[in-house]
Amino acid sequence: MKKLFFFFSFLLFPFFLQANVILKAPDSFVNGESYIFEYEAVGSSVDFPKIKQIDGFTVEDLGSSRSLQIINGNYDEKILKRFRIVPNKSFTIPPFVFKIDGKEIKSEEKKVSERKIQKTKSDNFDLTITPSKKQLYVGESLIVKLTFKYKRGLQITNLGFEPPHFENFWYKKIDNSNKRYEENGYNVQELDFLLFPQKSGVLQIKPLRVDVQMVDTNSSSNFTFFSSAPKLEKVYSNNLSFNVKALPSDVTLIGDFVLNASIDKDEINLGESINYRLEITGFGNFDDIEDFKLDIPNTTIYDNKAEVETNFKDNKYEGKYSKVFSIVPNTSLEIPPFELKFFNKEENKVKVLKSKSFKIKVNGEKQKEVVLQKPIEKEEKVLMEKEFPLVEKIKYFLFGALSVLLIFCLYIYVKLQKSKKKIKETSLSKLIKSSKDKLDLMKILIPYLKRDNELDNLIFECEKSNLEFKVLKKKILEKITQLNL
């Protein structure tokens, strides 16, 4: 027996001398996933090379571990160092130079190829993704159900599932879709995702993955259950393919919608505002509705942020889009109709909806001044001068007297206007003081917008409701006094 032991020791002795550096690396990788490899070096003195890049991929150092071992009566140190890269194509791990016990030793070279993901086939696990449809249009909704099964009785310590990234799809998880139940000896978990394709063509959903961490019952370790190292198993799903058709030109919405518009009043006084409300209901890709804008000459328009409420019900993506415009017109006007264009799949045609138009009457609007044409008067003067020279002189005298009288009247008119303005100013302060709430105060001040930036900010505070009403009113009165409004 001793002779046999020495014989095998003699055969393995050269191996121990040469196997000072060992590369432990998988032969393949999955695109988008981490690829981990490690080097094991043995010696009394070991210097690792600095590994920064491999085939253009950045290398991340995951740390190292050390242990002592005895070979032929010599005490050596075994160092295990792990690295990680995230490759997207096949690559080669080149040989690196290690310095061990004063000698330079090269590691082996290894070619690593990309591996296509295949659905995991196992008696213990199953991960499947199922679509509600595979033929659809851009922007049309579909449901993708994710079903994960694992056998009851498995000693699973952790389940890792990263939220999926559905490329070329807008998506979100459906609320309250997390279902758990037992079926045929398996624990089952379901998740539903709502997807909307963003472009036409053949679109793919790559296999999803669940990382299962469990106790390795086949391990030959003598450690107890609580000290056993867990085993990691990656479970992959199937992949999906969709044929997505393009929508007709100049159309981004698909579904069935209803468009409504309304106003709170159709007759106002100059300086007052009206509220114009736009509302879209129905089902379809509500998240793709572009923000509506309103542009009407001789008006000041404030628009609130659109509110979009959605709900998945009866396999349809229902929603409600609403937006309110506050319009302060200077003259009577007509609010033009809004237009909504969408594709109706059931009727297989593009539909165009138009809202009502509204006429608004403004009381107290400014009237246009009539300008007299003076060239006709000059022609009369020339004719009269030729026929009645004495009368023409009397006319010039009267014209001068009338001019003086007109200047005097204009002076009196200006004085009266200033007097009215003072009265108006006094009434403005009284109106502000008599306002009951911020909404009432905002209606009074809207005609004075764009006169001063600080005053505009104070007026906008009426809508934001950040300041107390009394404090806000006091600040506005002080600012109006400064501006002599």
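Two strands count as paired if DSSP finds at least two bridges between them. Keep that in mind for the next part. This is a predicted model.

Start with strand S33, residues 358–363. Its side chains alternate.

What does S33 pair with? Strand S25, residues 267–269, runs parallel to S33, and three bridges join the two. Within that pairing, isoleucine 268 has valine 362 as its bridge partner. Strand S30, residues 333–335, is also joined to S33 by three bridges, but here the strands run antiparallel. Glutamate 334 stands opposite lysine 359 of S33.

Now the loops. Most residues other than glycine have a negative phi. Aspartate 250 has a positive one, near 65 degrees. That residue sits in the loop between strand S23 (240–245) and strand S24 (255–263). Is aspartate 250 buried or exposed? Its relative accessibility is 70%, so aspartate 250 counts as exposed.

Asparagine 348 is another non-glycine residue with a positive phi, about 55 degrees. Its loop connects strand S31 (339–344) and strand S32 (349–354). With a relative accessible area of 54%, asparagine 348 is exposed.

Last, the surface. Leu402, Leu405, Phe408, Tyr411, Ile412 and Leu416 form a nonpolar patch there. Together these residues have about 630 Å² of accessible area. Tyrosine 411, one of them, is in helix H3, residues 389–434.

That is what I have for today.

Methods: Residues numbered from 1 in each chain as written. Predicted model: local features only at pLDDT ≥ 70, side-chain atom pairs only at ≥ 80, totals over all residues. Heavy atoms only, no water. Patch = residues over 30% accessible without salt bridge, like charges linked within 9 Å, V, L, I, M, F, W, Y side chains within 5 Å. Areas by Shrake-Rupley, 256 points an atom, 1.4 Å probe, with all protein chains shown as cover. Salt bridge = Lys/Arg side-chain N within 4 Å of Asp/Glu carboxyl O. Helix = DSSP H or I, 4+ residues; strand = E, 2+ residues; numbered from the N terminus. Buried < 20%, exposed > 50% of the residue type's maximum accessible area, 1.4 Å probe, protein only.
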